[in-house]
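Here is a short tour of some backbone details. Please have the sequence and the 3D view at hand as you read.

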Amino acid sequence: MDERVKRALAQWPNVPDVYGWLSLDKRGHWRLRGETISNSRLIDFINRNYIRLDDGGYAFQNGPQRVHVELEVTPWIARPVLEESNTLHFLSHTDLPLEPVRAVYLDSLGRLFIAAAAGAALLSDQYLDDVLAGFRSADGQPLSAAALEQALIAPQTSGLNIAIQGRCLPVQPLPDEPLESVFHFIARPQDHRPSQPSVGN
């Protein structure tokens, strides 16, 4: 978080929170009331001051004002980075390193999810081809195209693994539950907005 934001918080600690303005889409784009934000300086500012809240929600701390973020899918959107040693790593849409990765999941739609120390991340669909070479068989061997296709259909029975950050992790089927329940976050903060006290007559 920026130092000037911390100073503003200390100076004006009771500014009302904002809901329903800012959202994060499935490709890691910030949207202001549905419109994609394209100003690079504003994007950088939001990225630096994007925080996880104690209740599992996520917000952008805009100076003293907290702007709660609605999440289309997950709190983080991942993109792969292949190091010179052919080691696969992931960065978030804010350029935060998503490590260590604790678990990897595949859902029935073929979407890849990463459970990292920072929280849950969806691999943006535009990068799926970039990670295919990282998939491994149960014994850690690279997969042929045919074997990979079959493994992606049924990862729970194929022993599908992925080589990531120097380790080989099993690719688990995603439980058939809401993502918020599986990964413990709040996607629609306005639904959890504290009720305002009623004013007596």
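Where is the place of Asp95? Asp95 sits in the loop between β8 and β9; strands here are DSSP runs (E, at least two residues), numbered from the N terminus. Before going further, please note that this is a predicted model, in which local features need pLDDT of at least 70, side-chain atom pairs count only at pLDDT 80 or more, and totals for chains, interfaces and linings use all residues. Residues are numbered from 1 along each chain as its sequence is written, and side-chain values use heavy atoms, with hydrogens and water left out.

Asp95 is not a glycine, yet its phi is positive. Gln165, also a non-glycine residue, has a positive phi too. Here are the two side by side.

The peptide bond leading from Glu99 to Pro100 is cis, and its omega is near -5°.

Now to β8 itself. Four of the five residues in β8 are buried, so the strand is mostly covered. β8 pairs with β7 (residues 76-82) in the antiparallel sense over five bridges, where pairing requires that DSSP finds at least two bridges between two strands. Within this arrangement, Ser92 in β8 has Ala78 opposite.

Technical notes: Buried < 20%, exposed > 50% of the residue type's maximum accessible area, 1.4 Å probe, protein only.
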